[in-house]
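Here is a short briefing on one protein model. Look over the sequence and the structure first, then read the points below.

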Amino acid sequence: MRRLSLALMALFAAPLLASPALAAPQPEWHRACAADGVVPLQSAPVIKQIQTELAIAGFDAGKPDGAVGRGTRQAIRDYQKLAGLKPDGCPSEALLQRLSFGLPKVYSDRRPAMPTETVQVQEELLRRGYWAGPADGRLGKTTVEAIRQFELDNDRPLTGEVSSTLLRDLKTGDLSKRRN
């Protein structure tokens, strides 16, 4: 009898749980990107990685935080335009794959054509979770702060300066020492 009542409850509750009125509200970007957008349960890590890859390519999506805001949508559109894709601004697994592995690489026109030492340092800081803004080769306040935080976390002298030693340490250092 108990099994029957549980089965009946499940039968009647299923349509209520699937009701759009009872579902958790979706972010605005998710409604606009429903067909190709990322799966909601995976969205924060995927979006954070998209934001990081956009920044490495020189597109300013803001701090990689896993949330899709106006800046992230615009950075995605800018990337999509330069890559010859439909500029819908939607984050997706396919976009992440294209950013990470697509060839030829597509970079923002704000990023130098030949990566300078500063660009390489910014890329490595981004990969390690020390947000430095877009990898654009400009040694601004955000990059200096990210360098100083890396130096502090790795018991290095605090300089906030780009150097070949810093770049080497970023490329070869302990990857477990990541900020996130």
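Among contacts between residues at least 6 apart in sequence, 46% join residues at least 24 apart. Keep in mind that this is a predicted model.

**Overall make-up**
- The protein has eight helices and zero strands.
- Along the sequence, the pattern reads α-α-α-α-α-α-α-α.
- The protein has 180 residues, and buried residues make up 37% of them.
- Its accessible surface comes to about 10,900 Å². Carbon and sulfur atoms account for 58% of that surface.

**How helix 6 meets helix 7**
- Two packed helices are described by the angle between their axes and the distance between the axes.
- Helix 6 covers residues 117-127, and helix 7 covers residues 141-153.
- The two pack at an angle of about 60 degrees, and their axes are 11 Å apart.
- That angle makes helix 6 oblique to helix 7.
- The crossing of helix 6 past helix 7 is left-handed.
- Helix 6 brings Val121, Gln122 and Leu125 to the contact. Helix 7 brings Thr143, Ala146, Ile147 and Phe150.
- By class, this contact has five nonpolar residues, two polar ones and no charged ones.

**A look at Thr52**
- Thr52 sits in helix 3, which spans residues 43-56.
- Is Thr52 buried or exposed? Its relative accessibility is 9%, so Thr52 counts as buried. The cut-off for buried is under 20%.
- Setting aside neighbours within four places in sequence, Thr52 is in contact with Pro64 and Leu126.

Definitions and conventions:
Residues are numbered from 1 along each chain as its sequence is written. This is a predicted model: local features need pLDDT of at least 70, side-chain atom pairs count only at pLDDT 80 or more; totals for chains, interfaces and linings use all residues. Side-chain values use heavy atoms; hydrogens and water are left out. Helices (H or I, at least four residues) and strands (E, at least two) are DSSP runs, numbered from the N terminus. Buried means under 20% relative accessible area, exposed over 50%, partly exposed in between (1.4 Å probe, protein chains only). Contact means heavy atoms within 4.5 Å. Axes are lines fitted to C-alpha atoms, for helices over the stretch in contact, and angles run from 0 to 180 degrees between N-to-C directions. Angles under 35 degrees count as roughly parallel, over 145 as roughly antiparallel, 65 to 115 as roughly perpendicular and the rest as oblique. A crossing is left-handed if the near helix is turned anticlockwise from the far one by less than a right angle, and right-handed if clockwise. Ala, Val, Leu, Ile, Met, Phe, Trp, Tyr, Cys and Pro count as nonpolar, Asp, Glu, Lys and Arg as charged, and the others, Gly among them, as polar. Accessible areas come from the Shrake-Rupley method with a 1.4 Å probe; for residues, only the protein chains shown count as cover.
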